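My entries follow in the order in which I looked.

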Amino acid sequence: MSPITELVSELPDGTVVTDPDIVAAYRQDRAADPDAGTATAVIRPRTTEEVQTVLRWATRHRVAVVPRGAGTGLSGGSTAVTGGVVLSTEKMRDITVDPVTRTAVVQPGLLNAEVKKAVAEYGLWYPPDPSSYEICSIGGNIATNAGGLCCVKYGVTTDYVLGLQVVLADGTAVRLGGPRLKDVAGLSLTKLFVGSEGTLGVITEVTLRLLPPQPHACTVVASFSSVRAACDAVGAVSTKIRPAMLEFMDAVSINAVEDKLKMGLDRSAAAMLVAASDERGPTGAEDAEFMAAVFTEHGASEVFSTADPDEGEAFVAARRFCIPAVEAKGSLLLEDVGVPLSALADLVAGIEKMAADTGLLISVIAHAGDGNTHPLIVYNPDDVAETERANKAFGDIMDLAISLGGTITGEHGVGRLKKPWLAGYLGPEAMELNRRIKTALDPDGILNPGAVV
């Protein structure tokens with residue numbers, strides 16, 4: 001009996017998929033890693049017990065297992081490995097909401113938007129909101145410690161994970177944390193697994209912290225003729241208040257979005273900021289007035305304020321649409337570098353110079369309020385020389401961010417595409433510590449080999 005036949009016999013019918021066309025659809029995530037392998041099978045369990053069966057089998061036969069959520073990752077974290085299997089959590093979709101403790105117990109296959117909708121029925125809110133929230137899964141969000149547009153005020157995924165159930169490489173299921181706001185017993189193992197990108201275990205259940213519903217926001221949109229002026233305005237706002245959102249779009253993204261949405265955005269602007277305050281009562285309006293005044297003082301050519309939720313959401317939707325709009329110009333290499341706010345203008349200026357020097361179209365969008373930028377490198381993969389320039393720019397942008405005191409990833413994860421830069425960023429001591437932890441939890445190296453560490 002072959003190993004795959006053995007696994008098929010141990011799991012419910014249809015859980016193991018070997019159809020080549022279906023398996024091929026799981027080779028790459030949204031990053032479209034050109035070095036993706038081809039898995040032997042795709043496994044779609046529904047329960048923790050079935051995941052345990054898969055990992056015990058994989059350990060027994062030394063088969064690589066690549067955990068996968070919705071496949072929207074942007075760093076090659078769920079790229080298939082030839083000879084291995086892809087373990088997709090898409091069928092794990094249960095959710096239970098407890099309004100008393102303001103928690104939800106969720107399986108990883110639910111989409112972020114589905115969790116938001118389910119908890120809203122209880123008058124509650126799950127804040128983390130990646131731009132892809134309508135199509136990305138909770139499991140994937142946890143794997144990369146995803147952020148989003150409102151994280152400048154409300155934090156990132158790890159701030160809302162109170163507990164996990166994780167299946168380790170040998171098939172052991174471990175419960176960590178739970179529906180308690182305060183719990184410091186033992187090492188902080190829950191936090192260890194958030195952001196581990198499937199290299200330490202497979203998350204099969206998560207306890208999420210919820211908040212009361214977000215108040216309606218007052219939105220302020222400003223256009224600038226200078227990128228540095230816009231970045232300086234971000235810093236000036238951040239020294240006084242914590243907005244619910246403070247987003248940046250450059251000229252390339254403004255025009256790309258306008259090409260598609262026809263909103264009447266200022267095509268001549270060098271930058272646009274989309275900001276919001278959701279403070280209750282008059283404070284929200286005061287914050288909006290303050291931001292509008294700061295933008296004006298920093299040379300904004302146009303400032304628009306609104307307390308109308310639909311008008312505000314239209315501009316937020318424009319910001320969320322930046323990546324697909326720019327992608328319409330060509331294939332993308334997507335970056336995710338972050339810097340201290342004081343270095344934001346220098347980072348954007350440096351990337352602009354790279355674009356000019358290389359002849360590449362590079363757009364910069366950003367969660368400007370926390371310094372997390374997403375440079376988008378547009379290139380033609382059929383042009384060998386242009387592809388080489390794009391790949392070099394990809395690394396040069398990370399080097400630039402590090403030189404400015406920044407990081408190679410703020411929310412997308414390391415995956416496989418950024419792994420070559422990880423050791424240089426962390427330093428030898430921290431890198432070795434990462435490897436020790438990986439070896440302790442996955443001694444045979446079967447979990448997501450080639451990713452992160």
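I counted salt bridges and got 20; the rule wants a side-chain nitrogen of Lys or Arg within 4 Å of a carboxyl oxygen of Asp or Glu. The model is a predicted one, so I took local features at pLDDT of at least 70 and side-chain atom pairs only at pLDDT 80 or more, while totals for chains, interfaces and linings use all residues. I number residues from 1 along each chain as its sequence is written, and side-chain values use heavy atoms, without hydrogens and water.

I looked up K153. K153 forms a salt bridge with E279, with the closest N and O atoms 2.6 Å apart. This pair links distant parts of the chain, 126 residues apart: K153 is in helix α6 (residues 151–154), and E279 is in the loop between β12 (271–277) and α10 (282–297). Helices (H or I, at least four residues) and strands (E, at least two) are DSSP runs, numbered from the N terminus. K153 also meets D278 in a salt bridge, 2.6 Å from N to O.

Next I checked the domains. An automatic or database assignment gives domain 1 (3–88), domain 2 (95–209) and domain 3 (218–404). I found the C-alpha centres of domain 2 and domain 3 to be 28 Å apart.

I then read the buried area, meaning accessible area (1.4 Å probe) lost by two parts on being put together, summed over both. Domain 2 and domain 3 bury about 1100 Å² between them, 53% of it on carbon and sulfur atoms. On the domain 2 side, L149, V152 and K153 supply 62% of the area buried against domain 3, more than any other three residues. I counted three salt bridges between domain 2 and domain 3.

Last, I went through the rings. I got five aromatic pairs, taking rings of Phe, Tyr and Trp (its six-membered ring) with centres within 6.5 Å; planes under 30 degrees apart are stacked, over 60 edge-to-face, the rest tilted. The F304 and F315 pair is tilted, because the ring centres are 5.7 Å apart and the planes stand at 45 degrees.
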